[in-house]
Amino acid sequence: MESIKRNVLLNPGPSTTTDTVKYAQVVPDICPREKEFAGLMKGLREDLVRIVHGDPGKYTSVLFCGSGTINIDVAINSLLPEGKKVLVINNGAYSARAVEICQYYGLPHIDLQFPVDQRPDLAAVEAVLKANPDIALVHTTHNETGTGILNPIREIGALAHRYGAVFTVDTTSTYAMRPIDIEKDNIDFCMASAQKGLMAFTGLSFIVGSRAIIEQSKGYPRRSYYCNLFLQYDFFERTGEMHFTPPVQTIYATIQALKEYWAEGEEAKWARHTRVFNAINAGLDALGFRQVIKPEWRAGLVSSAIYPDDPNWSFEKVHDYCYERGFTIYPGKISTTNTFRLCALGAIDEQDIRDFFAVFRDALAAAGVKTPVVYNA
Ligand SMILES: *Cc1c(COP(=O)(O)O)cnc(C)c1O
């Protein structure tokens, strides 16, 4: 196995992968309708439930071919009964995406907004649930990847259930990184895709959730053909296959990534991401960078640093300097503040972050940015 140039991706997914995962895609051609392939998918689906400690009798996973956003689309359009309403608890770009999905499908919804650097106010959430007994679906994002804030999903889920609603959570940027217990965390449906915490590739996304609720949704309005949760689930249950062509090579890579996940272990993997995250914060702090989210609210995976007021600061220049040396940094996703992000996803460790900051310091010096960086206010 020849080694492939290793890039350290500090963007919020796709993430740095191991060579063994990269090479797992190189397999003999196979028709995914063969029994052999269906067998692989069965094991994969079971593993995806195990990652969030789901009881396989109660929970299942349903695979889709697409990037992570397909899950949000599927969950919201498939799980809303006729005449009912969606409540989106929205403190960032990814929950805003769920609101857009409601708008595109013309679904009755409440967009309950909170500032992007604040946790949702649970009393406000409860007041809305109380005042709107027709809310049947509550949706939010676990780690708002746009800023890195951790939302209190267990508490929100408890509220949703108290008022009789189903709780869907976008866990795309926490799944297989920050430990999740689907039942204890009061989650009915969570979701992710293979290129994030699992450290595989784009093209495979999945929703993990309650079998009973999926079966109940059989009679709900059919708002999409390709993106219907029950249709895909039912096809899997009857045939063991995806309804339409699966991303064959990505599935092989994901199966290898799962082997590596179990070998590393949930606790050790989370400890590694935490080491990386701490190193990122220490590096930013040492250079005087301010961040959007206060330390105690950070989900431990994404740092959002605010652009300094130095006239020589140029994200593009700094990015290009780092990129040429194998490190990728990423712009922010907040409309009101200019930020860039450094993320602790992927097959990287503390040493990679130390190496990154050596390059980043040089990039700042090359651009003529003063360090520690300056802010006017
Ligand atoms: C990455 C991500 C997604 C999916 O984005 P795609 O570009 O469609 O892969 C969805 N939600 C969150 C929270 C994410 O971090």
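I'd like to start at the ligand, where a polar side-chain atom of threonine 172 lies 3.4 Å from one of the ligand's nitrogen atoms, a polar contact in the sense of a pair of N or O atoms within 3.5 Å. Please keep in mind that this is a predicted model, in which local features need pLDDT of at least 70 and side-chain atom pairs count only at pLDDT 80 or more, while totals for chains, interfaces and linings use all residues. Residues are numbered from 1 along each chain as its sequence is written, and side-chain values use heavy atoms, with hydrogens and water left out.

Which kinds of residue make up the shell around the ligand? The shell divides into one nonpolar, eight polar and three charged residues, where Gly is counted among the polar ones; the residues around the ligand include Ser67, Tyr94, Arg97 and Asp170, each with a heavy atom within 4 Å of it.

Turning to the sheets, there is an open one of seven strands in the order S2-S10-S9-S8-S5-S3-S4, with mixed pairing; strands are DSSP runs of E of at least two residues, helices are runs of H or I of at least four, both numbered from the N terminus, and two strands pair if DSSP finds at least two bridges between them. Strand S2 (59-66) and strand S4 (109-113) stand at the edges with a single partner strand each, so one side of each is left without a neighbour in the sheet. Strand S3 (residues 85-90) pairs with S4 in the parallel sense over five bridges, and asparagine 90 has glutamine 113 as its bridge partner in S4.

The other open sheet has three strands, in the order S11-S14-S13, with antiparallel pairing. Here S11 (302-306) and S13 (330-331) are the edge strands, each with a single partner, so one side of each lacks a neighbour in the sheet. Five bridges join S11 to S14 (residues 339-343), and the partner of isoleucine 306 in S14 is threonine 339.

Definitions and conventions: Polar contact = N/O pair within 3.5 Å; in protein donor to acceptor, adjacent residues only side chain to side chain.
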